[in-house]
Amino acid sequence: MTSPWPNGARVAVMLTFDFDAESGWLSRDPSHKDRPGVISQGRYGPNVGVPRLLDLLRVEQVPATFFIPGWVAEQHTEKARMIKDAGYEIGHHGYLHERAQPEDPEGEKRSFARGMGALERVLGLKPSGYRAPSWDLTPLTLTLVKQHGMFYSSNMMDNVFPYVHPGTSIVELPVQWTLDDAPFFMFHPTFLNRPMNSPEVVYGIWRDEFLGLYEWGGLFNLTCHPHTIGHPSRLLMLRKLIRFIKGHEGVWFATGREVAQHWLKVAR
Ligand SMILES: [Zn+2]
């Protein structure tokens, strides 16, 4: 099979970080605002996760894409600016991490526009791509992506290669739960009670998924969250993974924007 990637690369690797901070907890249940202990798990993202992660990415010299809810850009402006000023791509991730409801198109339009507006006002940027909170799309979402001038979505789980959504010029950069830190690590004894995994177990899963995609030539699209991956043992694991991937010939590390732009060229 001929490589679809630039310079004959065998695999494309995207490192993406959804900077949700407290918004994930607040959108799950607004009453969490009165549970400082609960939302402190999210606040770990801006307090510790983001600066540590930026240090790691800088040392490893790899590109990355951060998807930031508008509310987070407003509340944690300094950290959002640090990400932007370090040169990483910033994509759209809703306003307060509201999960779009198919029966409430007006609500989805409002949150979408509010999130866009906040990124523009606070960070002075227009994102190229959209990652829906919880990867949840409605029949309206791709229309909003286009209307707001973006050209990629990173939400669907139906392929290991990018594709262009039929009848549009929007590139899909597929994701999957296997390559997400949340199902392995996120925990709360009351609200999210499930076993946490050892970073070694998760390293094995991500390493092998990379090896499989390296054979297939697909897109390795990793989704992490600064409040989750940003703990010491997990950041060590992420660094080990990045170094493992770098040890292979023909790996194209790229941002979402770069992968989508490339795919629009080769898909024509
Ligand atoms: Zn999120």
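Let's start with one side of a helix: on the face of α5 turned away from its buried side sit the exposed residues Glu106, Gly117 and Arg121. Keep in mind that this is a predicted model. The chain it describes has eleven helices and nine strands, and its radius of gyration is 18 Å, close to the 18 Å that the globule rule gives for 268 residues, so it is as compact as a globular protein of that length.

**The chain as a whole**

- Along its principal axes, the C-alpha trace spans about 55 × 45 × 35 Å.
- Of the 268 residues, 44% count as buried.
- Take the contacts between residues at least 6 apart in sequence: 73% of them join residues at least 24 apart.

**Helix α5**

- α5 has 19 residues, and from its first C-alpha to its last it reaches 27 Å, close to the 27 Å expected at 1.5 Å a residue.
- The buried residues here are Glu108, Ser111, Phe112, Gly115, Met116, Ala118 and Leu119.
- Looking down the axis of α5, you'd find those buried residues within an arc of 155 degrees, so they line one face of the helix.
- As for partners, the buried residues of α5 pack against β2, α3 (70-75), β3 and α6 (141-147).

- β2 pairs with β1 in the parallel sense, over three bridges.
- Within that pairing, phenylalanine 17 stands opposite phenylalanine 66 in β2.
- β2 is also joined to strand β3 (residues 89-92) by four bridges, and these two strands run parallel as well.
- Here phenylalanine 67 stands opposite glycine 91 in β3.

**Glutamate 98**

- You'll find glutamate 98 in the loop between β3 and α5 (105-123).
- Methionine 157 is 59 residues from glutamate 98 along the chain, and their C-alpha atoms are separated by 20 Å.

**Helix α10**

- α10 runs over residues 232-246; its 15 residues reach 21 Å from first C-alpha to last, close to the 21 Å expected at 1.5 Å a residue.
- Buried in α10 are Arg234, Leu235, Met237, Leu238, Ile242 and Ile245.
- Those residues cover an arc of only 155 degrees around the axis, which puts them on the same side of α10.
- The face turned away from that buried side carries the exposed residues Pro232, Ser233 and Arg243.
- What do the buried residues of α10 pack against? Their partners are β1 (11-18), α2 (36-60), α7 (182-185), α8 (199-216), α9 (226-229) and β9 (251-253).

Methods. Residues are numbered from 1 along each chain as its sequence is written. This is a predicted model: local features need pLDDT of at least 70, side-chain atom pairs count only at pLDDT 80 or more; totals for chains, interfaces and linings use all residues. The expected span of a helix is 1.5 Å times one less than its number of residues. A residue is buried if 20 or more other C-beta atoms lie within 10 Å of its own, exposed if 12 or fewer, and partly exposed in between; C-beta atoms are placed from the backbone. The arc is that of the directions from the helix axis to the C-beta atoms. Two residues are in contact if their C-beta atoms, placed from the backbone, lie within 7 Å. Two strands pair if DSSP finds at least two bridges between them. The radius of gyration is taken over C-alpha atoms; the globule rule is 2.2 Å times the number of residues to the power 0.38.
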